[in-house]
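Here is a short briefing on one chain. Have the model open as you read.

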Amino acid sequence: MQKLAIAAFALTLIAGPVLAQDATENEFPMTMTDFMMAYPDASPDDFDMVDADGDGEITEEEFNVARDSGLIGDDA
């Protein structure tokens, strides 16, 4: 029983940071649906401004440019 408790605790320590990391990072390319979920106050026009090449997806580079220029915040 003690081995099971130790194993469960160790698994929690390992999985905790991974789960937290996944929840705070965006996955790219980001669709309009993903963008609107990450930024609920954003409009489709905001998505179009971030999607610089107009291909319907936001790349990590487009996202970083938009964030660095202040077009979007760090809150997603």
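Asp68 is exposed, at 62% relative accessibility; exposed means over 50% relative accessible area, buried under 20%, and partly exposed in between (1.4 Å probe, protein chains only). This is a predicted model: local features need pLDDT of at least 70, side-chain atom pairs count only at pLDDT 80 or more, and totals for chains, interfaces and linings use all residues. Residues are numbered from 1 along each chain as its sequence is written, and side-chain values use heavy atoms, with hydrogens and water left out.

**Salt bridge**
- Asp68 pairs with Arg67 in a salt bridge, with the closest N and O atoms 3.8 Å apart.
- A salt bridge here is a side-chain nitrogen of Lys or Arg within 4 Å of a carboxyl oxygen of Asp or Glu.
- Arg67 is partly exposed, at 30% relative accessible area.
- The count by this rule is one salt bridge.

**Asp51**
- Asp51 sits in the loop between helix H3 (44-50) and helix H4 (60-68).
- Asp51 is buried but has no salt bridge.
- Arg67 is the nearest side chain of opposite charge to Asp51, 16 Å away; Lys and Arg count as positive, Asp and Glu as negative, and His and the chain ends are not counted.
- The Asp51 side chain reaches the backbone nitrogen of Asp55 at 3.3 Å.
- Leaving out residues up to four places away in sequence, Asp51 touches Gly56, Glu57, Ile58 and Glu62; contact means heavy atoms within 4.5 Å.

**Whole chain**
- The chain has four helices and zero strands; helices (H or I, at least four residues) and strands (E, at least two) are DSSP runs, numbered from the N terminus.
- Of its 76 residues, 16% count as buried.

Terms used: A polar contact is a pair of N or O atoms within 3.5 Å; within protein, one must be able to donate a hydrogen and the other to accept it, and residues adjacent in sequence count only if both atoms are side-chain atoms.
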